[in-house]
Amino acid sequence: MTASGPATTGGRGTAPDRWLIRGVTVAGYGGREGGTADILLSGGSIAAIETGLNHSGAHVLDADGLIALPGLVDLHTHLREPGREDAETVETGTAAAALGGYTAVHAMANTDPVADTAGVVEQVWRLGRAAGHCDVQPVGAVTAGLAGVRLAELGTMADSAARVRVFSDDGRCVADPLLMRRALEYVKAFDGVIAQHAQEPRLTEGAQVNEGEMSASLGLAGWPAVAEEAIIARDCLLAAHVGSALHICHVSTAGSAEIIRWAKSKGWPVTAEVTPHHLLLTDELASGYDPVFKVNPPLRTSADVVELRRALADGTIDCVATDHAPHPVEAKESEWAEAAFGMTGLETALRVVQEAMVDTGLLDWAGVADRMSIRPATIGRLAGHGIPLEAGAPANLTLYDPASPPAAVASAGASKSRNTPFAGLNLPGRVVATFLRGTPTVLDGKLA
Amino acid sequence: MKRHLISAADLSRADALLILDTAEELAQLADRPIKKLPTLRGRTVVNLFYEDSTRTRISFEAAAKRLSADVINFSAKGSSVAKGESLKDTALTLEAMGADAVVIRHPASGAAHRLAGWVRGSVLNAGDGTHEHPTQALLDAFTIRRRLMPGHRGPRRGPRGGTGGRVAPPFAGGSGGSPPRVNTALDGIRVTIVGDVLHSRVARSNVLLLSTLGAEVTLAAPPTLLPLAVGSWPCAVSYDLDSELPKSDVVMMLRVQQERMSAAYFPSVREYSRRYGLDTARMARLPDHAIVMHPGPMNRGVEIAAEVADSSRSTIVEQVANGVTTRMAVLYLLLGGTEFPAVTE
């Protein structure tokens, strides 16, 4: 592509829904390395992927040097609406998603009111359709009000217009083993999956940072790895026992990866995600008590980061999910213990993955397509997304420039919130364009 | 020295010695009828206390006033959120009032750190959550040095080794009564710190400062009251207080909060006291010269028996007096007050 951005031509006489992406490297095309081709988008689908395609009547996007990935899918996004529109709205959150290369996000249930009824999940779903930046697939709460006492009306949410398949009390753990067993069993009736926030509550009362050298010297209550690993081990056994699909949210420790590897070796129906921040950052960042680095589960040690990368590379961890968790300024401008947990991540995820996984040689671009689009869509039971780029597939795709020189991450983006832990960090790469069913949502790195 | 004093780790050995030597000079003021110096005249020191701590607040207040600073006491019980104003907004308010130094006591670890990012004046950590309390460690080191280190006449008579780079304070001079122990560190002094290390800001600061000064620190506590990663600290660890006592020059007892029992850190107060309390029988196992310290407030009959607290080994009252002079030294050095007039005339 040209230095100034994609050269779009067209104007009078061009069909608005036809795009020709010229000279792009398609991940997985013509072999593992990927090959260069032209992609013609028409009528919301990929009409053809070939070399030397005719571009008459189409917008042309010169994509020399860019990589085409199937549109990214996030299994774990907090859009905050309804309830905390000061932190994020569906409009701003999906704009951030599109800028990050996403064509679909799963909206977590811990809104206010909680997404534990058909009414709330349908509201979120409709807001997503109205915003139009990417598809919004609501996640339903497992228990009413996230209270961990009785099941929410899971079947009604599944049957609603929002067609909920992923259920999670994320932010809280379904700690009661009987309730967890029942939830896992119950969602089998409609091919659902329970996404567990693995955190043993008694072992993490008041917990602030990873329990280790940093918690000891900072005098902050420790969040021990065993509190995550104990729940993951228990839930893998439960999933095997009842034969139901379990997904583990934001795996953060080396031990968790080892347990999941073991469960998968048994053929059990377990999947897992890791966040970009757990692939790059460590608990040493807490040393200045800046709560921008406060997140749940907490940043761990560099040994954990190494093992999480390895587990993502070998497929033990299925996918990258952002856990994009926007918070207003005042929720982070405080003492550490008072501050909210969470980090934004949609706009930086792909760049972080390039830094942590691609530039380190752990994953190629076909692997990135698998971990950030194909597998999360499969886990989320999401139709029309996560489909490899080929003729006939929906035209959901992301064009990424991996050669864009490392540039400092800005704290402000499309998200309403600025709590990115990557601000000021030099990360490679740049999302150039995102297409949702053939329509650009992002062009030249800006909202289209 | 740095502009703020937030952690004992901020202090190099030379910094720590400079503070102790300055305090030694200032200690002589206490014996004079007029205990005031004009050094910080016109400077404003704010005591920002989010926790009840009469002794620490009064100590800082006395220190600032003896240096002629204007003192504003700002007490805000409970968390800043409960009070309805954020720490940042309070910081901006103090900034607008022109505080030259803010002394902060806060229930949240890291509060002093955060405050330092929002004000231009110096920040003195007077205890933040379960993190640190560096001036307590300084006054403890000062007390240990006075009690246990042989007197030295200071740089003019040749300092002990290992204190290179120190600049003698401009007012270093003769002595009135007791000989100043200037330029002397705590090399080889064996200090045993006993009790709830996990939740103790006093222990954290003391481990850092005393090891910087060359002391050999051992923590004696039940395993539940030690941080999991205590092995990375510059100290030894023991679960057996009795075996440590005969080799201790200093025993420092930490306050044990009753509420730790309900969180299952130990089975009962009585059992804690039986295994880790300092009673007369245990005190008898100490070497003759050994001293007993406690940062206060004490739970008599829990971590320390009344007979021990009131014995001649106990430095507890001395620690309070030394707190004022040590804090004067810190305020003077951080605020870079005007030249001291000679303390002794």
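**A quick tour of chains A and B**

In chain A, helix α6 (residues 225–242) lies across β11, β14 and β15 (270–274), and runs at about 165 degrees to β14(A). This is a predicted model, in which local features need pLDDT of at least 70, side-chain atom pairs count only at pLDDT 80 or more, and totals for chains, interfaces and linings use all residues. Residues are numbered from 1 along each chain as its sequence is written, while chains are lettered from A and ligands numbered from 1 in the order in which they are written.

**The sheet in chain A**
- Five strands of chain A make an open, parallel sheet, ordered β10-β11-β14-β15-β16 (strands pair if DSSP finds at least two bridges between them).
- At the edges stand β10 (166–167) and β16 (319–320) of chain A, each with a single partner strand, so one side of each has no neighbour in the sheet.
- β11 (residues 193–196) and β14 (residues 246–248) of chain A pair in parallel over three bridges, and A:Q196 has A:I248 as its bridge partner in β14(A).

**Two helices in chain B**
- Helix α6 (residues 134–148) and helix α7 (residues 201–212) of chain B have axes (lines fitted to C-alpha atoms over the stretch in contact, with angles from 0 to 180 degrees between N-to-C directions) that come within 8 Å and cross at roughly 55 degrees.
- The crossing of α6(B) and α7(B) is right-handed (the near helix is turned clockwise from the far one by less than a right angle).

**Confidence**
- Chain B averages a pLDDT of 87 (the predictor's confidence in each residue, from 0 to 100), and 86% of its residues score at least 70.
- The model scores ipTM 0.89 and pTM 0.91.

Notes: Helices (H or I, at least four residues) and strands (E, at least two) are DSSP runs, numbered from the N terminus. Two residues are in contact if their C-beta atoms, placed from the backbone, lie within 7 Å.
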